[in-house]
Amino acid sequence: MSDVTVAEGSEAVFVVSIDNPSTEDVVVDVVTVPGSALAGDDYTPVTTTVTIPAGQTSVEVAVSTLNDDLYEGEEQFTLEGTVTSGNTSNTDPVGTATITDNPDDLPEVSISDVTVARAVKPCLL
């Protein structure tokens, strides 16, 4: 399973692959697992089953990331797989997604200008 780096608000597209074509379908259950990126806050969680058809070597799994307008720096989550059928020696593939934050979300400090009226003392005669 590939690692991916994606801008916040874009789709993280993982490639689930085998290194050689198989004579039978390879079926993989995949699920997103939170890390520093949280499901529902930073990405839309995915639980699905994908099939690499016999004779082919890969399929893609897309996970939507969410633009939350908060600057958090880079965050990560994983896509973990469990091979449920097919010819393969690696039965627990894992891929990591790194979400890069939108630089426009970086907070900017500012200090506003102020105008103050001078107090006038009353004149006593």
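Q: Let's begin with K121: is it buried or exposed?
A: This is a predicted model, and in it K121 has a relative accessible area of 75%, which is over the 50% cut-off, so K121 counts as exposed.

Q: Where is K121 found?
A: K121 is in the segment that comes after β7, the strand covering residues 94–100.

Q: How many helices and strands does the protein have?
A: There are 0 helices and 7 strands, so the pattern read along the sequence is β-β-β-β-β-β-β. The radius of gyration is 25 Å, well over the 14 Å that the globule rule gives for 125 residues, and the protein is therefore more spread out than a compact globule.

Q: What does the C-alpha trace span along its principal axes?
A: The span is about 110 × 20 × 15 Å. As for burial, 30% of the 125 residues count as buried, while the protein exposes about 8,100 Å², with carbon and sulfur atoms supplying 50% of that area.

Q: Switching to the sheet, what is the strand order?
A: The order is β1-β7-β6-β3-β4, in an open sheet of 5 strands with mixed pairing. At the edges are β1 (4–7) and β4 (47–52), each of which pairs on one side only, and from one strand to the next the twist averages 25 degrees.

Q: And how do β3 and β6 pair?
A: Strand β3 (residues 26–34) and strand β6 (residues 75–85) pair in the antiparallel sense over 8 bridges. As one example, V31 has E80 in β6 as its bridge partner.

Q: How many aromatic pairs are there?
A: The count comes to 2 aromatic pairs. One of them, F14 with F77, is edge-to-face, at 6.1 Å centre to centre and with 70 degrees between the planes. Because F14 lies in strand β2 (residues 11–17) and F77 in strand β6, this pair ties together parts that are 63 residues apart in sequence.

Q: What about Y43 and F77?
A: Y43 and F77 form a stacked pair, at 4.1 Å centre to centre and with 15 degrees between the planes. Y43 lies in the loop between β3 and β4, and F77 in strand β6, so that pair ties together parts 34 residues apart in sequence.

Conventions:
Residues numbered from 1 in each chain as written. Predicted model: local features only at pLDDT ≥ 70, side-chain atom pairs only at ≥ 80, totals over all residues. Heavy atoms only, no water. Helix = DSSP H or I, 4+ residues; strand = E, 2+ residues; numbered from the N terminus. Buried < 20%, exposed > 50% of the residue type's maximum accessible area, 1.4 Å probe, protein only. Rg over C-alpha atoms; globule rule 2.2 N^0.38 Å. Areas by Shrake-Rupley, 256 points an atom, 1.4 Å probe, with all protein chains shown as cover. Pairing = 2+ DSSP bridges. Axes fitted to C-alpha atoms, helices over the stretch in contact; angles between N-to-C directions. Phe/Tyr/Trp six-rings, centres within 6.5 Å; stacked < 30°, edge-to-face > 60°.
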